[in-house]
Amino acid sequence: MAYCTPGDLKELGYSWDDATDLPYITQICETASQTIDSYCKQSFTAQTGYQDTGVVRVKEGTLKYFPKKLTITNVSSIAFLPFNNQPVVYHITNPSFMNDKGFIWAYTDAPDGSYYVTATYDYGFATFPMDLVKATMLACAPLLDDYFLSQESNVSMVRSIKQGELTINREDTHSMPQNAIDILNGGNDGLGYVRVRATS
């Protein structure tokens, strides 16, 4: 699901013919959203019951689990995985996501050591935050410029066009604009949207 809509992009001053251009503009929103996901190393579309598996270290009755997604809205459970088809005799209780730390913290009756666990949680946004929408809009801008330049000049994939004193240089559509990067690194109430910690 795209993090911005074609309607959002009109705030940047773009206009187009809905009949012919809208499918391409919609695809540009999707492409920019995928670029955001790739840069942030996670997705922001709401999903429930997501499961991931990793290793935790138990110390003095507590554990920390570093999930693959960081916009967690609810932790349903975290449980030890069976080893060699042996029944699991230890339990994990009261799991909660520490938003400012980026890990799930819980109590356990397991002895100190390393264990495989499965975490089940909900993540993402039902309504995308405005700073994430804005970052996506800014990530769309080079793609939109490239699209409209190719429409107007009837050429595509050229690096620059020069006519007399006028020179138009094509933006690198493979690089995200710095202003979008700044939002992704510093948005989300200062926590950023980029996964910077290794998963468990």
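**Notes on the model**

1. Helix H2 has 23 residues, which at 1.5 Å a residue should span 33 Å; its end C-alpha atoms lie 31 Å apart, so the two values agree. The expected span is taken as 1.5 Å times one less than the number of residues. Helices (H or I, at least four residues) and strands (E, at least two) are DSSP runs, numbered from the N terminus.

2. On the basis of the values: this is a predicted model, in which local features need pLDDT of at least 70 and side-chain atom pairs count only at pLDDT 80 or more, while totals for chains, interfaces and linings use all residues. Residues are numbered from 1 along each chain as its sequence is written, and side-chain values use heavy atoms, with hydrogens and water left out.

3. The chain holds four helices and eight strands. Read from the N terminus, the elements follow the order α-α-β-β-β-β-β-β-α-β-β-α. Of the 200 residues, 42% count as buried; buried means under 20% relative accessible area, exposed over 50%, and partly exposed in between (1.4 Å probe, protein chains only). Among contacts (heavy atoms within 4.5 Å) between residues at least 6 apart in sequence, 73% join residues at least 24 apart.

4. The N-terminal end of H2 is capped by Asp17, with a side-chain oxygen 2.9 Å from the backbone nitrogen of Ala19. Along H2, the buried residues are Asp21, Ile25, Ile28, Cys29, Ala32, Ser33, Ile36 and Cys40. Just after H2, Lys41 adopts a positive phi of about 65°.

5. The largest nonpolar core comprises 33 residues, and those with the most contacts inside it are Leu9, Ile36, Phe44, Leu132, Cys140, Leu144 and Leu184. Here a nonpolar core is a set of buried Ala, Val, Leu, Ile, Met, Phe, Trp, Tyr and Cys residues joined through side-chain atoms within 4.5 Å. H2, helix H3 (130-153) and H4 each supply at least two residues of this core, and H3 gives the most, with 11 residues. A second, separate core of 20 residues includes Val75, Ile92, Ala106 and Tyr115. In soluble globular proteins, nonpolar side chains tend to be buried together.

6. Ile36 belongs to helix H2 and is buried, with a relative accessible area of 0%. Neighbours within four places in sequence aside, Ile36 contacts Tyr3, Phe44, Leu132, Ala135, Thr136, Ala139, Met176 and Leu184. Leu9, with residues up to four places away in sequence not counted, touches Cys4, Tyr14, Trp16, Ile25, Cys29, Met137, Cys140 and Leu144.

7. Which strands stand at the edges of the sheet? Six strands form an open sheet, ordered E3-E6-E1-E2-E5-E4, with antiparallel pairing; two strands pair if DSSP finds at least two bridges between them. Strand E3 (72-80) and strand E4 (92-98) are at the edges, each with a single partner strand, so one side of each lacks a neighbour in the sheet. Neighbouring strands of this sheet are turned by 30° against each other on average, direction ignored; the axes are lines fitted to C-alpha atoms, and angles run from 0 to 180 degrees between N-to-C directions.

8. E3 pairs with strand E6 (residues 113-123) in the antiparallel sense over seven bridges. Phe80 stands opposite Val117 in E6.

9. Gln51 lies in strand E1 and is exposed, at a relative accessible area of 52%. Residues up to four places away in sequence not counted, Gln51 touches Thr118, Ala119 and Thr120. The side chains of Gln51 and Thr120 make a polar contact (3.1 Å). Such a contact is a pair of N or O atoms within 3.5 Å; within protein, one must be able to donate a hydrogen and the other to accept it, and residues adjacent in sequence count only if both atoms are side-chain atoms.

10. Most residues other than glycine have a negative phi. Lys41, in the loop between helix H2 (18-40) and strand E1 (47-59), has a positive phi although it is not a glycine, and is exposed at a relative accessible area of 53%. Asp189, in the segment after helix H4 (178-186), is likewise not a glycine and has a positive phi of about 55°; its relative accessibility of 80% counts as exposed.
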